[in-house]
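Dear colleague,

Please find the structure below, passed on to you for your review.

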Amino acid sequence: MSAGRETAAALRRRRRAVIRLLAWSLPEAAPAVLSGLVVARAVDDGFLRGRPVAGCAWLSLLLVAAVAGAWGARQTNRAVAGVVEPFRDELVTRVVTASLHAAAPAGAVARMTQQVETVRDAFAGLVLVSRGFVVTVLAALLGTASLAAPLLIVLAPPLLAGLGLFALALRLGVRWQREYLAAGERLADRVTAAAEAARDVAACRAAERAAGHVDEAVAAQARAERALARLAAFRSLTVVVAGWLPLIAVLAGAGPGISTGALIGVLTYLAQVLVPALDLFVATVGNAGLRFVVTLGRLLPLATGPVSRGAATAPPGPQPRLELVDVTFRYGAAARPVLRNLDLTVAAGDHLAVVGPSGAGKSTLAALLCGTLRPDRGTVRYGGVPVTDLDPATRARCRVLIPQEAYVFGGTVADNLRYLRPEAGDPQLLAAADRLGATALLTRLGGLRAELRPGDLSAGERQLLTLVRAYLAPAPVAVLDEATCHLDPAAEERVERAFAARGPLVVIAHRISSAERASRVLLLDPDGPLLGDHESLRVRSTRYREMTGYWAAGSQPAGPAGPLDGVGPAARAHLGGDPAQPVADRAR
């Protein structure tokens with residue numbers, strides 16, 4: 001659905017609120033309707049006839065009209081809220097629901113809710129100003145017709161020409177506003193990616209390349225802003241043509257049959273009513289209107305969750321295999337690869353812990369597994385299907401990513417827990433909370449129907465609620481990217497064991513106890529990745545012994561094994577393989 005059709009549908013659903021708004025517009029328009037007529041009568045029937053008292057009496061009607069207009073404006077502003085706020089509430093519910101169902105990152109959800117607020121503010125301004133402009137222009141034209149109908153023929157051509165120029169400016173503005181919004185999103189994405197990958201970027205000495213990547217987005221946004229500045233200048237021209245040229249045309253076209261008061265009244269309608277209303281309308285529609293159309297047009301596909309053309313839509317299976325096939329990823333073309341020629345399979349029953357020093361690429365691997373990053377070379381597959389062929393909803397049905405930054409929103413506890421599984425009943429919510437050790441937290445919060453205030457929760461409490469939400473998700477594979485870092489060791493163990501019993505689990509570990517519990521451990525080492533279990537890696541890897549603090553006198557192995565020790569270039573890191581099978585690094 002386009003932005004125009006969505007807006008029309010929203011107004012139809014609130015027909016009573018729209019009628020109330022239009023009704024209160026009538027008293028608000030009183031000063032515009034009476035201004036020129038009162039001035040004309042005051043001049044012709046009062047001051048020019050030597051009757052100043054009568055002239056002042058006519059002008060006093062403007063004070064009465066102003067009082068009526070102020071009262072109407074007050075009621076109009078209240079009526080606008082009845083149209084705008086329900087529209088905003090519906091849109092934010094649809095956007096956030098669709099985003100969380102698609103497992104969008106928390107930053108993306110926050111950005112989309114901010115765009116909803118942009119739509120709401122723009123919609124309120126459009127409703128208020130467009131309605132006022134229509135009422136004011138009708139009042140000015142009717143007043144002019146009552147005073148000097150022939151002048152309508154004189155002022156109509158420049159007025160229509162100016163509005164036509166404005167319509168042309170809007171067509172250009174929609175395209176430029178889209179480019180500006182896209183440039184802003186690219187800039188935000190690149191800055192976020194650079195910040196999240198700071199450790200990897202530093203480890204790979206790619207700071208200059210990462211800065212250049214961000215600079216390109218900054219330059220693109222600057223070009224888009226300059227285009228919008230040119231549009232603002234063009235809009236000013238439309239005000240001159242549609243507002244001030246009619247004034248000149250009226251002065252040039254006024255004949256001897258028009259009285260002095262009627263001419264002054266027509267000029268009052270044009271200069272004091274039409275031009276200010278036109279100026280406000282052009283500025284509002286040219287700025288807020290473009291933001292509304294473009295931003296709403298970008299949000300609607302996210303809110304309705306359309307399927308990408310040509311994308312696979314059916315989930316690959318109830319227990320899809322996650323595979324990395326010959327994957328290489330680097331932050332920038334000239335940077336050292338964070339991961340190189342990596343083959344990895346996560347299948348049913350797997351419990352994999354990923355460990356390594358800071359900057360080794362652990363979070364990068366999690367993002368590649370979940371499809372939020374795309375490799376420079378190689379393929380990521382879900383159930384044998386390349387992740388690039390799957391739409392976001394299908395990817396969300398295959399895996400659930402729980403990042404370190406827990407996202408909890410205002411609403412009830414139940415709303416937060418069932419967001420990835422809306423059909424879940426209260427018994428399912430309580431059972432999941434019990435398995436993850438969150439029952440005491442739910443009791444303290446006041447139960448499932450209690451209203452949450454995210455700012456009142458500790459970081460660990462937010463993480464626990466987010467973990468229960470992810471546990472309820474229909475996706476069989478769970479990826480925990482340091483998602484338990486704010487929990488105590490006992491709570492962390494309970495959570496990991498519950499997720500491991502639930503289905504395939506990948507843990508980006510921040511405690512070595514996570515590796516001890518896992519059936520397989522992937523060590524990401526600058527010298528090359530190595531796969532095994534906890535005991536075999538303690539024997540085979542010096543790095544792993546240093547990380548675990550393990551060293552037993554007299555049990556030193558014959559020699560530290562490198563990541564390629566005894567393995568050919570086609571070696572595969574498969575969780576069902578040999579416990580100490582190294583991961584291939586074909587570039588070595």
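Is Phe-499 buried or exposed? With a relative accessibility of 0%, Phe-499 counts as buried. Please note that this is a predicted model.

**Aromatic pairs**

There are 10 aromatic pairs in the structure. One of them joins Trp-24 and Trp-71 in an edge-to-face arrangement, with 4.9 Å from centre to centre and 90° between the planes. Trp-24 belongs to helix α2 (residues 15–28) and Trp-71 to helix α4 (residues 52–101), so this pair ties together parts that are 47 residues apart in sequence. Trp-24 has a relative accessibility of 25% and therefore counts as partly exposed. Trp-71, at 47%, also counts as partly exposed, because that class runs between the 20% limit for buried and the 50% limit for exposed.

Another aromatic pair is made by Tyr-471 and Phe-499, the residue of the opening question. This pair is edge-to-face as well, at 5.5 Å centre to centre and with 85° between the planes. Helix α15 (residues 459–472) carries Tyr-471 and helix α16 (residues 489–502) carries Phe-499, so the contact links parts that lie 28 residues apart in sequence. Tyr-471 has a relative accessible area of 14% and is therefore buried, as is Phe-499 at 0%.

Elsewhere, Phe-87, Phe-123 and Phe-292 come together as one aromatic cluster.

Asp-326 is not a glycine, yet it has a positive phi of about 55°. Asp-326 is located in strand β1 (residues 322–329), and its relative accessible area of 24% makes it partly exposed.

Asn-341, likewise not a glycine, has a positive phi of about 50°. Its place is in strand β2 (residues 339–346).

**In brief**

The two aromatic pairs described here are Trp-24 with Trp-71 and Tyr-471 with Phe-499. The residues with positive phi described here are Asp-326 and Asn-341.

With kind regards

Definitions and conventions: Residues are numbered from 1 along each chain as its sequence is written. This is a predicted model: local features need pLDDT of at least 70, side-chain atom pairs count only at pLDDT 80 or more; totals for chains, interfaces and linings use all residues. Side-chain values use heavy atoms; hydrogens and water are left out. Rings of Phe, Tyr and Trp (its six-membered ring) pair if their centres lie within 6.5 Å; planes under 30 degrees apart count as stacked, over 60 as edge-to-face and the rest as tilted. Helices (H or I, at least four residues) and strands (E, at least two) are DSSP runs, numbered from the N terminus. Buried means under 20% relative accessible area, exposed over 50%, partly exposed in between (1.4 Å probe, protein chains only).
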